[in-house]
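Please look over the model below. The report that follows covers contacts and helix packing.

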Amino acid sequence: MSRVSADVVVVGSGPGGAMTAALCAEAGRDVLVVEEGENFRIDSAPSFSLAEMDQKYRNGGLNVTFGQTNITYLEGRCVGGGSEINAGLYHRPLASTLEQWRDTTNIRDFGPASMWPHFEAVERECGVATFPGDNGPACALLRRGAGSLGWSTREIARFWRYEGQHDVVGRRQSMSETLVPRALRAGARLSANTRVLAVRHRGGRATGLVAQREGRRLDIEAKQVFLCAGAVQTPRVLRRSGVLHNVGDSLRLHPMIRVTARFPESMNDPVYGVPTEQVDQFKPELTLGCSYSSIPHLALWMGSDLPDKRDRLRDYRRTGIFYVAAVGTGVGTIRDLPVLGEPLVRLPLTRDDLTRLGEGLDKLGQLLFSAGAVEISNPVAGQPALRDRQALSNLCRALPQGRMAVSTIHLFSSCPMGDDDRVTATDSHGRVHGFSNLYVNDASLFPMSPAVNPQGTVLALARRNVLRFLGG
Amino acid sequence: MPTNPARPHLGRVVRAIVETAIADELGRDDLEGVPFVDETAEVMLRRLLGMQRYLAGGLIAMTLAFDASTRVSDGAVFHHLPLPRRRRALARVRGLQFGVANSFADFYGKLGGFTFWSHLEENHALDAVLGRTE
């Protein structure tokens, strides 16, 4: 057994953990960042590739929530966490969303006016940028289809850096490129390949962590502990440690359905990476957009029983992957499975979710057919492709449970924050109820959905909470 | 194909299902000259064994049960059947409309397909299988 100690131990190096570590280290604290995954270079594998899945995704990307419809979810498991594998899209949530959060769980000193400076700092310090020029043909198609229906679209900025007007590839500004190096430069230590099993605590104080590195037990002594391992792993660790109050009982997510659409003309150029245009007409409940559409990804979402699939893939420049993402209404649970030490995640895809996704899919189909689509894949397994709006509308009126591929990369709300301790796991600044030195600082804290890609909100919220911790 | 030495039987069954999934992707009854079949099967076995243990356990049980099930319907275990009959057997599972069968079909069909095409793309071999892409 090995032993290590630090004043501040941060579990997880994704957006919440990296922000926590960077600010604490810069304030002169002795910081240790503990990360379960490896420390890869950002360019160790192409984005969204098989090699990247092997390196940086938890369980190679195969995680599911259980319910009538199982939902596939992705988690990063590497230094930088989810920021290394997601699309890097940056949003501020709506002011009304932050107000709703504040009022729902009674969050002290919280609201749009107090949060915007933290978002501004994130935008300044974490490399948020839009495309330097035209953002690609798939985005143009989305704009055209939406425009013909009178719907608004918006180019979404990303955590990305571009070198000049003609650089369409750019470089991801994930945590391994930005805040983790910043933390290390300020003196933080990083222990990669280290899995935290539980928090040791006594009398309302965390005394350290029980961890495992290379198969050997590691005891970590800590004066302050920040859990920033994401909305599934943070509650898993807390529950395994016997901290149960409102922990892992309120998981929420953004369910997403993808379809492929085929056009008469070329519209797909994978060199542009993730298309950054979104239809924002139906926000906050629904977001419509286009996904990265390489040949392997098209093969994945086209369906596996098409007799002419090879011809379709040969014609890949005329086909794109499109998505509808909804603010989910289902509330799920996370439980730590004894012996296995793995999380069991259960979450219902509710009737309201299906109705909302159906409405979104209907709108997406309307847009795609208006933009000239000749065919849209059927999201229901084994069903034929849809060639007209009416066929799609009929399907969307009653999407079936259990027969569609539903996925997500946005999970949150599993340890909600706020001063109303009947419904929250932590106080208004992430300190776990009943503890003086144990904190959560990741997407688990969201009282409900941010209704946008959450990375920007995680960073801003983490910044708010850490500055409060350091100041107070 | 290199397999986990502790699970040679499972490796043979996974390979047979993956071959069948690739044949479905390409719409053909033979895989002669098709590259990266071994590599795809190897990755899929690794994926299967790398899942959370309770998920992997279920999927492995389903894989072995599926292999045995064709003894009744086709007179031989799945991995001993010729490819065209394997394709028909896998299509029957895809036609079953309940969650467990869908999960099984998705794992091998969708993820197997993704893995196969990814190998081709990463090794600049797409044209060898697709013909010239635009």
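How many residues of chain A are in contact with chain B?

## Basis

This is a predicted model, in which local features need pLDDT of at least 70, side-chain atom pairs count only at pLDDT 80 or more, and totals for chains, interfaces and linings use all residues. Residues are numbered from 1 along each chain as its sequence is written, and chains are lettered from A and ligands numbered from 1 in the order written.

## Chain A against chain B

On chain A, 31 residues are in contact with 33 residues of chain B (contact: C-beta atoms, placed from the backbone, within 7 Å). The chain A side has 14 nonpolar, 8 polar and 9 charged residues (nonpolar: Ala, Val, Leu, Ile, Met, Phe, Trp, Tyr, Cys and Pro; charged: Asp, Glu, Lys and Arg; polar: the others, Gly among them). At least two residues of that side come from each of α2 (50–56), α8 (295–302) and α9 (309–314) of chain A (helices: DSSP runs of H or I, at least four residues, numbered from the N terminus).

## Helix packing in chain B

Helices α1 (residues 8–26) and α3 (residues 53–74) of chain B pack at about 75 degrees, with axes 10 Å apart (axes: lines fitted to C-alpha atoms over the stretch in contact; angles: 0 to 180 degrees between N-to-C directions). α1(B) and α3(B) are therefore roughly perpendicular (65 to 115 degrees).

From α1(B), Leu10(B), Val13(B), Val14(B) and Ile17(B) meet Ile60(B), Thr63(B), Leu64(B) and Asp67(B) of α3(B). By class, the residues of this contact are 6 nonpolar, 1 polar and 1 charged.

Conventions
Contact = placed C-beta atoms within 7 Å. Parallel < 35°, antiparallel > 145°, perpendicular 65-115°, else oblique.
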